[in-house]
Amino acid sequence: MKRREFCLSALGAGVAAAAPARYIFADSHSITDLPAVTSAGGETTLEAAAITELGDSMRGALLLSGDDGYDHARAVWNGMIDRNPALIARCEGAADVSHALTFARERDLLVSVRGGGHSISGKSVCEGGLMIDMSDMNSVRIDQSGGTARADGGCLEGHIDREAALLGLATTGGIVSHTGAAGLTLGGGFGRICRKYGMACDNLIGADIVTPNGQLRHVSDEDNADLMWALRGGGSNFGVVTALEYRLYPQSTTVVAGDVVFAWKDARDALMFYAEHGADMPDELNLNVIARTLPDTGPVVAFEAVWCGDPAKADAALAPLRAVGNPVSDTIAAVPYAKFQTRGDNSNRHGIRMYMKSSFVNDFTPELVDEVIDVHRESPTYAIFFMQSGGAVNRRSPGDTAYPYRSAHSNMMVWHQWHDMESPDEREARIAQVREDWARLQKFTHGFYVNLNDEDTARTHTNYGANYERLVRVKNQYDPTNLMRLNANIKPTV
Ligand SMILES: Cc1cc2nc3c(=O)[nH]c(=O)nc-3n(C[C@H](O)[C@H](O)[C@H](O)COP(=O)(O)OP(=O)(O)OC[C@H]3O[C@@H](n4cnc5c(N)ncnc54)[C@H](O)[C@@H]3O)c2cc1C
């Protein structure tokens, strides 16, 4: 069986995707029968011979607890998650994925799939089951003349941004470059240019997917069209995506972007500006807004502005925002887009600890503004964040893609996020505060974003609205036993 050793020193634990690796072909790896967990949470035993056979069938490494690299591979973004899979399959190709899924299906084993590891609830790492780790599958190929990108299923957003930018192209990707492209796209995919080009899922034109029966399929609007529709927002319910094909757009490598920050005394005016104008701004302008506390300034409302249109028109587009009050700072300037896409990477680095509540806001009313100002806590770990929707995102109709939320003004999030290990009391206090604040803010929301809330499975069916029945039909066809269940789960009915 192949085993792997990782060099962790330069990166620190928890930055799984970028770790350099080398193979060790061990002649003898003493494997014994292993206790494991079934998909329904029951106990099972994996026989040593079957584990060895799976390891031998794979090009990538199969890791067990105690193996070099095991702890590194099981670490996900949210440092509060600490789970131990029975096996970790570090896949290097679709064949590895197929062998791993078949192994799990035949034993009714609990399965998780890890892309970038950003699921805040830690859906990509399972306790006692089989973790399918896609992070070694991360090549990107740009077809310049066709205007498309083909990204492996373990690619991070930054991989695509960088390769596309080299050729003056871009497609919508997330605002932190180490987010997994598959996870983000399958659930929707907001980004700094989504108002201009649509969401990541809107630009997904094809995919390769290994369905739970182990079969590799190509999907597009022509092949397996129902599955293609479902992958555009239905999450990881239908199989493991081994490649994604995106539509790209000619995009200047430089955008006009930065922060306009208002002191708390101007918070209401700033948020009212967002309420009144957020829905009808030019598609080229994206404004994400955060209420947070800065070390020197205290509580602020900060707009992250990105203008991806003609630079000569940026000042005119930004003038209404700048006229809101007296910003305490304005850092807007011409910056390389792909570099700007990495600006949050360090403050959101792997191993950070986060508790969050979130949902969509359709009507950004003065009452919501008042509540946000009243609820907001002066703490360096606390924030209320709005990720803007609208523009091209909202010009699709809810049934066009599985992702149905085409009326949202923005997605509201409330969180505590901290770097240091907390005491149990501190953790509980932070979680309780977010829940308390959410109890006041939730009434202003409609539905929720499955990529940020993959726990609320009781409401998943209403959340997808009229699309849910079609999603269930696709689920019944491709995953009738619900092998792919660690997600915002669509339950099969067969
Ligand atoms: C710091 C941070 C920044 C974020 N920024 C944005 C943003 O800008 N825009 C936005 O829309 N969302 C954003 N999100 C939310 C993000 O889209 C989701 O957390 C997404 O699910 C992350 O995907 P991942 O591959 O990194 O995570 P993982 O935890 O690896 O996976 C998340 C889910 O996707 C599944 N999955 C992953 N890869 C595959 C695959 N190849 N095939 C099938 N299923 C797969 C997993 O099984 C799991 O259910 C952010 C989250 C974080 C923590």
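Tutor: We begin with a definition: helices (H or I, at least four residues) and strands (E, at least two) are DSSP runs, numbered from the N terminus. With these terms, the protein has 14 helices and 23 strands. The model is predicted: local features need pLDDT of at least 70, side-chain atom pairs count only at pLDDT 80 or more, and totals for chains, interfaces and linings use all residues. Residues are numbered from 1 along each chain as its sequence is written, and side-chain values use heavy atoms, with hydrogens and water left out.

Student: Where is Asp108 found?

Tutor: Asp108 lies in the loop between α3 (94-107) and β7 (111-114). Its phi is positive, about 50°, although Asp108 is not a glycine.

Student: What makes Asp108 partly exposed?

Tutor: Buried means under 20% relative accessible area, exposed over 50%, and partly exposed in between (1.4 Å probe, protein chains only). Asp108 has a relative accessible area of 37%, and therefore it is partly exposed.

Student: Why does Asn482 count as buried?

Tutor: The relative accessibility of Asn482 is 7%, so Asn482 counts as buried. This residue is in the segment after α14 (468-478). Asn482 also has a positive phi, near 60°, in a residue other than glycine.

Student: How do you know that Gly187 is buried?

Tutor: Gly187 has a relative accessible area of 1%, and so it is buried. Its place is in helix α5 (residues 181-187).

Student: Which residues does Gly187 touch, not counting residues up to four places away in sequence?

Tutor: Contact means heavy atoms within 4.5 Å. On that basis Gly187 touches Gly233, Gly235, Tyr403, Tyr449, Val450 and Asn451. Gly187 and Asn451 are 264 residues apart along the chain, and their C-alpha atoms are separated by 5.3 Å.

Student: What share of the contacts in the protein between residues at least 6 apart in sequence join residues at least 24 apart?

Tutor: The share is 72%.

Student: Which residues of helix α9 are buried, and why are they said to line one face of the helix?

Tutor: The buried residues of α9 (residues 314-322) are Ala314, Ala317, Leu318 and Leu321. Seen down the axis of α9, these buried residues fall within an arc of 85°, so they line one face of the helix. The arc is that of the directions from the helix axis to the C-beta atoms. On the other side of α9, Asp315 and Ala316 are exposed. The buried residues of α9 pack against β16 (254-263), α8 (267-277), β17 (285-294) and β18 (298-307).

Student: Which residues are buried in helix α1?

Tutor: In α1 (residues 48-57) they are Ala48, Ala50, Ile51, Leu54 and Gly55. Seen down the axis of α1, they fall within an arc of 165°, so they line one face of the helix. The face turned away from this buried side carries the exposed residues Ala49 and Glu53.

Student: How do you know that the radius of gyration of the protein agrees with that of a compact globule?

Tutor: The radius of gyration is taken over C-alpha atoms, and the globule rule is 2.2 Å times the number of residues to the power 0.38. With 494 residues, a compact globule would have a radius near 23 Å; the protein has 22 Å, and therefore the value agrees. Along its principal axes the C-alpha trace spans about 70 × 55 × 45 Å. Buried residues make up 60% of the 494 residues.
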